[in-house]
Amino acid sequence: MRVDRSVALAVVRRVLPGVVAVSAVLLAALAGVSTPAQPRPREALAAEKGPYLQNGDRTSMVVMWETKEAGDSVVEYGRTKDLGQTARGENGTTHEVAIAELSPATTYYYRAVTGGAASDVRSFTTAPDRGANLTFCAYGDSRSNPLIHQRLARLMSAERPDFVLNAGDLVKDGRNADEWTPQFFRPLRELMDHVPLFPVLGNHENNSRFYYSLFSLPVDSPGRERYYVLRWSNALFVNLDSNLPLLASAPQMQWAAKALAASTEEWKFLHFHHPPWSSGGSRTSRPVREAIHALATAHGVDVVLTGHDHQYERNTVDGVEYFVVGGGGAGLDEIKQREGDATFRLFVKEYSYARFEIAGRRLTCQVKSVKDEVIERLTIDKSGGQVKKTEALGTVRDARLLACNLPRDGDHGAGGGDEGF
Ligand SMILES: [Fe+2]
């Protein structure tokens, strides 16, 4: 679901009398007049899901949670743990509250309140202005294995990302309401309470209505939440639904081409489920691969993030980095049809995630396993007026590293070594 921000603004304005009341309390305190303390919720909120963050940007954030019983949707928030401001959403069991008129790059504290019961106080940080450094994590295929998913979520939380991308197949069957809590929201509880997550649709979601009710995503495309753009500092993310047609004539692809052509961001990413290049056996058809690659090369896309096959893999095609980050929990894949030497970099059979850090014209990617081992590091440096890449294999050396074209120990040929780390 997606709350109209103008409605959210109206809600914020409606609660301004609360701010006036707080000011009155301060004045009364200064005058030595005692006032009764504000009533505080006494019960711990029994949330089935969340509270979790959605759709954050420079000036707003959406807080969501789900309760068994329908009730009101209130978020108390502020720049300190004393909170002090209030935003509201519609009553129901799936609660969605948009907080607007926030300041960029600012930490806010919040708690979710329904029926007089409140969550613990948590925090989030709004997106920065253009040009600030950013850090995000990317992974996918988190379905079917909550223990692995939870371990990955903890590792990603420790990376202190600004946001997280999930490349789809969030749960085994998105039409089954009972799967969303154990497979997705519970493993992510201690990550999504302070970091917004931006998903795309995998095939396992089956385009379920629950996807749209449980997430609040940008609605800037004809597909609304089905495909959308995310902008954060100097990076543009075009998030696609690869269950829909992906040939150049498809409406989604025409929209994506326009979004990329209009972008002035330094870094451009495509993010969708089905991989054009993958050795795991499920790469897209050749026409789709060609259409995606034509889109990427025509608009200077730096990185393509996908899942669907359950491994970590990277292929480099005409300078575009094609990642498969499908090691989020679903049963791991073997190499079934290895990509050719001209593009292939490495394939690792391991539960894993990728952390990206962007500082100006330099991008650093570190891929780590669920065992907290570094799988590989990649930098893309555009600061010298041309693109310079450095790649280095991490510590994974056993059978999980099924194939690798990266330089090995003692082989410090072009692009190898640990330079820059
Ligand atoms: Fe899939």
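The protein chain of this predicted model contains 8 helices and 22 strands. Of its 421 residues, 47% are buried. Among contacts between residues at least 6 apart in sequence, 66% join residues at least 24 apart.

**The sheet**

An open sheet is built from 8 strands with mixed pairing, in the order S11-S12-S13-S14-S16-S15-S17-S22. Strand S11 (228-232) and strand S22 (401-404) are at the edges; each has a single partner strand, so one side of each lacks a neighbour in the sheet. On average, neighbouring strands of this sheet are turned by 15° against each other, direction ignored. S11 and strand S12 (residues 235-239) run antiparallel and are joined by 5 bridges. In this pair, Tyr-228 stands opposite Asn-239 in S12.

Helix H8 (residues 286-298) packs on the sheet, and its direction makes about 130° with that of S16. The strands that H8 touches are listed below.

| Strand touched by H8 | Residues |
|---|---|
| S13 | 267-271 |
| S14 | 303-306 |
| S15 | 312-317 |
| S16 | 320-325 |

**Helix H7**

Helix H7 (residues 251-262) has 12 residues, which at 1.5 Å a residue should span 16 Å; the end C-alpha atoms are 17 Å apart, in agreement with that value. The buried residues in H7 are Gln-252, Met-253, Ala-256, Ala-259 and Leu-260. These residues lie on the same side of H7, because they cover an arc of only 120° around the axis. On the face turned away from this buried side are the exposed residues Lys-258, Ala-261 and Ala-262. What do the buried residues of H7 pack against? Their partners are S11, S12, S13 and H8. Two of these partners, S11 and S12, are the strands joined by 5 bridges, while S13 is also touched by H8.

**Ile-375**

Ile-375 is located in strand S20 (residues 374-381). Why does Ile-375 count as buried? It has 23 other C-beta atoms within 10 Å, and the cut-off for a buried residue is 20 or more. Leaving aside neighbours within four places in sequence, Ile-375 is in contact with Tyr-312, Val-348, Glu-350, Ser-352, Val-367, Lys-368, Ser-369, Gly-394 and Val-396. Arg-397 is 22 residues from Ile-375 in sequence, and the C-alpha to C-alpha separation of the two is 9.0 Å.

Notes:
Residues numbered from 1 in each chain as written. Predicted model: local features only at pLDDT ≥ 70, side-chain atom pairs only at ≥ 80, totals over all residues. Pairing = 2+ DSSP bridges. Helix = DSSP H or I, 4+ residues; strand = E, 2+ residues; numbered from the N terminus. Axes fitted to C-alpha atoms, helices over the stretch in contact; angles between N-to-C directions. Contact = placed C-beta atoms within 7 Å. Buried ≥ 20, exposed ≤ 12 C-beta atoms within 10 Å, placed from the backbone. Expected span 1.5 Å × (residues − 1). Arc of directions from axis to C-beta.
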